[in-house]
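I am opening this notebook to keep track of what I look up in the structure, one entry at a time. The sequence and the coordinates go in here before anything else is written down.

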Amino acid sequence: MFGSLAGRLQGIFRQLRGRGKLTERDVEAALREVRMALLEADVNFRVARDFVERVRGRAVGAEVLQSLTPGQQVIKLVHEELVELLGSREARLDLGQQVPAVVVLMGLHGSGKTTTAARLAVHLKGKRRVLLVGADVYRPAAGEQLEVLARQAGVPARVAQPRSDPVAETRRFCGEAAALGCDTVIVDTAGRLHLDEELMAEMVRLREELGPRETLLVVDAMTGQDAVNLAEAFHRRVGVDGFVLTKLDGDARGGAALSLRAVTGRPIKFAGVGEGLQALEVFHPERMASRILGRGDVLTLVERAQAAVDEQTLRDWERKLRQADFTLDDFLAQLRQVKRLGPLEDVLKLLPGATGNRLGEAKLDPRELVRAEAIISSMTREERASPEIIDGSRRRRIARGSGTRVQDVNRLLGQYEEARKVFRQLARWQRGPRRQRPDRLPRG
Amino acid sequence: MRTAFGRLLGRPSDDLVALEEELLLADVGVKATARILEALTDRRSAREPVRATLARVLEEILDAGPDQALRLDAEPSVLMFVGVNGTGKTTTLAKLAARLRSEGRMVVVAAADTYRAAAIDQLRLLTERAGARLVAHQPGSDPAAVAFDAVQSAMARRANAVLVDTAGRLHTSSGLMAELAKVRRVIARAVPGAPHEVLLVVDATTGQNALEQARVFGQAVAVSGIVLAKLDGTARGGIVIAIREELGLPIKLVGVGEGLDDLVPFDPRAFVRALLGGSE
């Protein structure tokens, strides 16, 4: 996600960077581009307007235009305001001391409440004992869906009967939580096609009678301009402690993320990022801002890698990273590891510099991996260590040996070259003169 | 295009700036809005209020003529429902089943969403209510096989229509898109000329991403039309203007409520009136 916005802003910034001096008109033109990029990313019209106003207000200050690197200054301002808009720190779930701690999930139809409820249960596993409560008494088979997901998540579930009073039922289930050995109750509520008074009244009653510790609004990351109305209405009427942004694994640029926070002041706490019950992540605003600016989400990648890769391999990688030597053997080993990190496209998107080059566009499917293994296995040891010796006749031999075509070999070598570039970039980061952490931006 | 936009921004003619804001707030999108305002500037005349001209421009974009109606002539007509997660595919399908039943047609429904938990149960309840026949396999089974069985069953019973429900999927997931393309291929092989409609269900609250959905689903399964679901809220659904303008796909149906009869043929005129807030 955010792919295009990142690409767009990078383009704008490249132009600014190249300039020694900026006039007010230059800044004006760049800001117009920024505004359009934000609108194309579904940031709300008014939020985008205010954003650009704020940046303009700071940018026309004399010190920016007269500084030696005006372009950099403007970029810095945009980044700072972006982080400001997204929230500067991650906001964790706060479940407090009281037992059971009640978490209520609300949202429109199809935003992903039920899936999020089950994912949240999985997320809390090991720390809390969760009871899932289904309070959607309207949608056909909503209860069944929650029960199936609860079984998959390995937590108990209680489901209100169709057409019963969901508030009374939920209160009863909360009373049973202790007897079931549960200290946390996650309530999946009914959705509506849109905001209506009946739904709001039900949510207000739930909130008043249950006194939930956290009331989270689940919002589809693909939501357009209406995200603002949605967030405002729920926040004003019911009260929202935070948001869960779902379907972030698509290519939605997710401008809704910026709008939600801007109009309510409440943080985004989680992001849904894939299929399956593991696909819920704590939302990291700073990383997201860096991702918007095309700097990659290295920390998330490292975290995921730590979960999937054993420590020895990780140490090896780190060593290679420092030495920036990266052979085809390493490439193959990495491809194999990456298989365990999740869908390749997702992983590649997290890499810095992956936006807008061949790596970012790469759609790798598992069959590609099999082919890559075959090709690399058909190379001699010398070829793997120094790929530059692979000439035309060697390519033909490798293709024959691996049952692929010369084009496939060429493509693999191209991909390896891209990966090596990224590796070099990472290595530079690690050794950088200012010892930057990857989540920090260079100053000025 | 860009210059037209810049021109409009640079020379604040109040009414155009206000219209631009309205279009953008309705999710029409930056590019389509710029082109629409350009067309509007060309066609403005002193005799007509500017909003009326704009309404005309929008209606002309949206009007798909004979392509507007669902293709239901073939026996059986096979209609596939596709889209990302949570847009309202299953509900839309049930509403259409109910409408076709009320017109006296015999309808078979294929539960080819074998992935989402309890999707088959939901569809069973809804098809029962609509009075249609359900063909379903076990959860987790091959969706293409379900679609094939449903089509076979429809032919054996001389049913008029087969409605195929598919699992929601993000268009960025190439594996799942390939699976969907297979469902389409299997249907095409079972009945010549089928599927007669591949309907992409778009949630009216969706922003610019719907354009990408239409593009990618279009490439994978040759989408023939758009269903705009959940249009009864505060969202205006303006993204279908961009979809129609850029990809030429007709908008065929609109979902306007939760009842089984809340699915109506798309009417460009009514849609534009609602989009522009009814004040002309």
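Leaving aside its neighbours within four places in sequence, which residues is B:Thr206 in contact with? Before answering I note that I am working with a predicted model, in which local features need pLDDT of at least 70 and side-chain atom pairs count only at pLDDT 80 or more, while totals for chains, interfaces and linings use all residues. Residues are numbered from 1 along each chain as its sequence is written, chains are lettered from A and ligands numbered from 1 in the order in which they are written, and side-chain values use heavy atoms, with hydrogens and water left out.

**Entry on B:Thr206**

I looked up the contacts (heavy atoms within 4.5 Å) of B:Thr206 and, with neighbours within four places in sequence set aside, found A:Met222, A:Thr223 and A:Gly224 from chain A together with B:Asp27, B:Gln213 and B:Ile239 from chain B. I then placed B:Thr206 in the loop between strand 5 (197–203) and helix 9 (209–221) of chain B, where helices (H or I, at least four residues) and strands (E, at least two) are DSSP runs, numbered from the N terminus. B:Thr206 has a relative accessible area of 5% and is therefore buried, a term that means under 20% relative accessible area, with exposed being over 50% and partly exposed in between (1.4 Å probe, protein chains only).

**Entry on chain B as a whole**

For chain B I counted eleven helices and eight strands. Its radius of gyration is 20 Å, close to the 19 Å that the globule rule gives for 280 residues, so chain B is as compact as a globular protein of that length; the radius is taken over C-alpha atoms, and the rule is 2.2 Å times the number of residues to the power 0.38. The C-alpha trace of chain B spans about 65 × 40 × 30 Å along its principal axes.

Of the 280 residues in chain B, 57% count as buried, and the chain exposes about 10,700 Å², of which carbon and sulfur atoms supply 50%. These areas come from the Shrake-Rupley method with a 1.4 Å probe, and for residues only the protein chains shown count as cover. Among the contacts in chain B with a separation of 6 or more, 75% are accounted for by residues 24 or more positions apart.

I also looked up how chain B is divided, and found domain 1 (4–62) and domain 2 (66–271), with bounds that come from an automatic or database domain assignment. The centres of the two domains of chain B, taken over C-alpha atoms, are separated by 33 Å, and eleven residues of domain 1 are in contact with 20 residues of domain 2.

**Entry on chain A**

Chain A has 21 helices and eight strands, and 56% of its 444 residues count as buried.

Next I looked at positive phi values in chain A. A:Ala141, a residue other than glycine, has phi near 65°; it is in the loop between strand 2 (130–135) and helix 7 (142–153) of chain A, and is buried at a relative accessible area of 7%. A:Lys247, also a residue other than glycine, has phi near 60°; its loop runs between strand 6 (242–246) and helix 11 (255–264) of chain A, and with a relative accessible area of 10% A:Lys247 is buried.

**Entry on A:Arg411**

Is A:Arg411 buried or partly exposed? At 36% relative accessibility, A:Arg411 counts as partly exposed, and its place is in helix 21 (residues 406–431) of chain A. Apart from neighbours within four places in sequence, A:Arg411 is in contact with A:Glu368 and A:Arg371. I also noted A:Ala372, which is 39 residues from A:Arg411 along the chain, with 9.7 Å separating their C-alpha atoms.
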